[in-house]
Amino acid sequence: MSYEIILTSTREIKEALLSDLEELPNLKIGDYILHIELDELTPEVKEIARKELRETPEVRKEAIVELRDLLREETDLKCPLDKEAWLVRFLRPCKFYPESAFELIKRYYQFKQKHSNLYDGLVPTKNKNIFDHNILTVLPNRDQFGRRVLILELGKKWKHNKVSLDEVYKGCVLFLECAMLEPETQVAGAVVIFDMDGLSLQQVWQFTPPFAKRIVDLLQDAIALRIKNIHIVNQPYLFNMVFALFKPFLREKLRGRIIFHGTDRDSLHSYLSPKSLPAQYGGTLELPRIDGPQWYKLLSMCEKEYEAVNSYGYKKDVESKK
């Protein structure tokens, strides 16, 4: 299906972004338009934020001031203190407790420093291969709870001799950084579907304990996003060998959010409404799938924002001292 890119400029874009981009791309496929949603929270989402995250104008204002003060004391860390939207990005997953958000920010940047071989210069145009192979996508719609849905197809569609797991990882990070921009996603969170249909023994061998630890450390400690569930679907028996690598690093909270469904669509639908899922997962969603090359086109037009994200962090010699 053909598509076109439409550029839009709003006040929210200028307030939310760290770069000087004044326009963001929208992807128009048929009658559907996909855009990075930087709009203010709707009354319904504001109520969720109030109930689940303690977010009120008063709490928010006070937390921003306290978090700024804490960050000013972290003199080895370069971060955009003047950007209120950036501070809120870390306060929301921490329920507006400034000390918790401060610790999350430190872990976020320490993690990027520790894995600088992956994070240095991480921009879409240097990672075209993962998008060309079309094994990662985010659904164009949100689920019934307003959450973003990221899908990874790491079975028969994954050509492991042409796309490394590190490339898969970097592609996921590019999506997650984009999701962190969206106020509604900051509140509602995200879910991940791992589709392991056709996983082979050769693919299993690609997974290593260090890779497993990096993924778990990211999800448990170093991401400013509420990962609400991880759904494993279509997994063969071989997947037990993969999961065995991850289990030693999982704490109870994340372990409880990983659900194994196999081919049981009723089980999946008890968590994700069929209305929010495509037909391949027994759903009735009629919106078009956004393919990898289309996502690449969209995200590469946001390159300056990724460069701005990469410009912040700890001074290079700080990690060795910690």
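**Exercise 1.** Determine which residues Asp217 touches, not counting residues up to four places away in sequence, and whether Asp217 counts as buried or exposed.

*Solution.* Step 1: with contact taken as heavy atoms within 4.5 Å, Asp217 touches Phe111 and Ala222, residues up to four places away in sequence being left out. The model is predicted: local features need pLDDT of at least 70 and side-chain atom pairs pLDDT 80 or more, while totals for chains, interfaces and linings use all residues. Residues are numbered from 1 along each chain as its sequence is written, and side-chain values use heavy atoms, without hydrogens and water.

Step 1: Asp217 has 16% relative accessibility and therefore counts as buried (under 20% relative accessible area; exposed is over 50%, partly exposed in between; 1.4 Å probe, protein chains only).

**Exercise 2.** Describe how helix H4 packs against helix H5.

*Solution.* Step 1: H4 spans residues 84–91 and H5 residues 98–114; helices are DSSP runs of H or I, at least four residues, numbered from the N terminus.

Step 1: the packing angle is about 100 degrees, and the axes lie 8 Å apart. Axes are lines fitted to C-alpha atoms over the stretch in contact, and angles run from 0 to 180 degrees between N-to-C directions.

Step 2: H4 is therefore roughly perpendicular to H5 (65 to 115 degrees).

Step 3: H4 contributes Trp86, Phe90 and Leu91 to the contact, and H5 contributes Pro98, Ala101, Leu104, Ile105, Tyr108 and Tyr109.

Key. Helices (H or I, at least four residues) and strands (E, at least two) are DSSP runs, numbered from the N terminus. Angles under 35 degrees count as roughly parallel, over 145 as roughly antiparallel, 65 to 115 as roughly perpendicular and the rest as oblique.
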